[in-house]
Amino acid sequence: MFLQLKNITKRYPGVVALNNVSLDIHEGEVHALVGENGAGKSTLIKTCTGAIAPNEGTIVIKGQEFTSLTPKSSEQMGVGVIYQEFNLVDELTVAENIFLGRAIRKGFVIDQKAMEVEAAKIFKQFDIKINPRELVGNLTIGYQQLVEIAKAISQNAKLLIMDEPSAPLTQTEALALHAMVEKLKASGVTIVYISHRMDEIFKLCDRITVLRDGEKVSTINTSDTNLDDLVTLMVGRELTETYPDRKDCISDEILLEVNNLSGNGVNGINLKIRRGEVLGLAGLIGAGRTELAELLFGVKSKSGGSVTLHGNEIDPKLPKEAIGYGIALVPEDRKRLGALLDVTIRGNICISIIERISKFFTRDKKEEQRIAVHYKDAIRIKTPNLEQKIKNLSGGNQQKVIIAKWLATEPSLVIFDEPTRGIDVGAKSEIYALVNSLVEDGKAVLMISSEMEEVMGMSDRILVLREGRITGELDRNDFDQETIMGFASQN
Amino acid sequence: MDNSDTLNGAGKLASKYAKQFGIYIVLLALLVFFSIASENFLVSSNLLNVARQVSMMGIAAVGFSFVLLLGGIDLSVGSVITLVNIVAAYFMVNLGMPPFLAVIIALALSAALGFSNGWIIANINMPPIIVTLAMMIIIEGIAYLISGGLPIYGFAKSFAVIGQGYVGPIPIPVIIMVVIMGLGGFILNKTYFGRYFYAVGGNEEAAKLSGIDVKRVKYLVYTLSGFFAGVAGIVILSRTNSGQVLSGKGFEFDVLTACVLGGVSVTGGVGKISNVLAGVLILGVLSNGLVLLDISQFVQMVIKGTVLMLAVALDCLQNRKES
């Protein structure tokens, strides 16, 4: 037994984040922690690291009992965490980052050489190919994460808690991460693995603990369960299917036609979307999918080619103009590009239309309230209060607010860029249902997704991009993961 | 939500109100203190005097707080005041223009200077602190070139009304300040572009993707900053009755202090005009009260600096607790 939580309860004003949760982490296992957003996973991690003190309960690490664990004692006991936001300094080298705050010194001078040697040792142990002298800012997210892991290992972490480590990664990077987890396990490190991705949980984890609404539902052996049962445990209700059926609503009318479009890193793109159709864009990160969306939405300017919407050629120079044409973009990075975090939910929902519904520059607050309430109800944003700042919402609810903002503009084409990244299962299927209702309503959807299952589950047709060009097109009947990966990655 | 081991519900509510009205509590405390410490303080003529003294700062603070809301800064405010002083004075005295026309031209000039700041910041992507610093030096130079460094005086009597007149017992500069502060509050809360200031200051990229023309917002905000500085410049000119090259020197730092005291975040996205007014009044009451207590100007500087430091420190500590 490496770590034992006994009857942990953590209360915040008005909410019980953890209610009498007990949990054993065996030495050397990979233990999955799953649950919808708001289930209490983050609070549980923070309890283990000593970042917060529980109101009741005790924590036992390697037989040593703590009622209030501090971050320092947790670290000394060998608990390390890989957070979603990395604690890395872009301007420093890999080796310097690994030894940040613990630099190896000769007198007053930092011993670069020794740190590089030590870093290289760890990389060699786990078969990671990173140059310790490289600047961290030059690494991809996948490699940066490996540096984070190496940093934890160099601090002698024996229990590594990984908080949705695969969320920001591409498929290939995720595979590299999985290999890393296997190696860590083989070297005797215990791992707590938090993820919304069911496939990797079944692949990597020995046991699974399900949390729901701050309570532990169950801890089960992975071999004793399956996907459907697990999802049912998480949401507390049966999800009949992850990808809800939709009526065949594809019309013959072409809504958007793109001819030979180039610029912003994409080249010679041709595509058509009909009303009522979901067109999926698959490809690796950096293949040019987001870049294509940026061209269509007026974020960046094209260098050649044409875009025709409703039969009229358009050339938006600003998102504002694109919105005027009836295009909406739900961007990939919710916090950085989507949400106005310090603004209220109402303000976020209305920000793209307040100008239109203003009279003589003066806001129509009644109309704003009406619209906000309408979309809050229509897409079931869970909040008691529209005057709440959006940063206080869970990821899934934030995403719904952003979608509400776009629905309020009454678009005819909605571009979704990784619409369900980092969102729990329940909210995911609600967003899928929402996409369905959009196309059934005669709108067209362009959906960028790095989750193969999602893009295959939701699209009527898939275009695959690689290095800024379209390399393949598949109709729904021909969807096949390997074919798509082939188009996405090979020459 | 992780802050609240020690804060129960009531405590949280109290801290919320403290955050919302804290600045007024400070102001009230100062008023009480000076009322007790000096018998000359709590007299209506003195209080109106304080209001008149701060009115120029209050007028300029409206535009300045817009700029801060955007996450920018406008170091050229003081120099715009100086130039408006010199230009309006020059037009009236040396060119014999009627005051009305001279004021209009000077205000148009101040707006144009503000617009130039905004245009450069939005299109060349230069940091606002550098753009407005360069602008400040340029404008100051021009003011010296026009005036030769000498004061310009001898205006028509009617012009003095703006800075020295009264409506009933209320000084006209105070009325102008109240009107402009009201206008500022209206812009921020009631107009759509006022909401854009918060959106752009909070997250420029997300604001742009939400369909806000960020460049136009920047033009507007810096233009307003220049324009309101111009209004303050006219009031100062009318009060002092002579155009001087030092009339606006360092004014931007007083205005910045008032805005920050009033809780406007220098990183953008957070702030309210009503609290800026409190910030302005605190500075005014401090100056006036300390003078009444016969405290030397140098000690006053030490006290004002300390107050600023404490106010911002409190704010930062509160934010740290929240996150």
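The structure is a predicted model, in which local features need pLDDT of at least 70, side-chain atom pairs count only at pLDDT 80 or more, and totals for chains, interfaces and linings use all residues. Residues are numbered from 1 along each chain as its sequence is written, chains are lettered from A and ligands numbered from 1 in the order in which they are written, and side-chain values use heavy atoms, without hydrogens and water.

The model scores ipTM 0.83 and pTM 0.77.

Chain A contains 18 helices and 22 strands. Helices (H or I, at least four residues) and strands (E, at least two) are DSSP runs, numbered from the N terminus. The radius of gyration of chain A is 24 Å, close to the 23 Å that the globule rule gives for 491 residues, so the chain is as compact as a globular protein of that length. This radius is taken over C-alpha atoms, and the rule is 2.2 Å times the number of residues to the power 0.38. The C-alpha atoms fill a box of roughly 70 × 50 × 50 Å along the principal axes. Of the 491 residues, 56% count as buried. Buried means under 20% relative accessible area, exposed over 50%, and partly exposed in between (1.4 Å probe, protein chains only). Among contacts in chain A between residues at least 6 apart in sequence, 65% join residues at least 24 apart.

Arg380(A) sits in the loop between helix H14 (365–378) and helix H15 (395–408). At 53% relative accessible area, Arg380(A) is exposed.

In chain B, Tyr90(B) belongs to helix H3 (residues 77–93). Tyr90(B) is partly exposed, at 28% relative accessible area. Beyond its neighbours within four places in sequence, Tyr90(B) contacts Leu95(B), Ile146(B) and Ile152(B).

Terms used:
Contact means heavy atoms within 4.5 Å.
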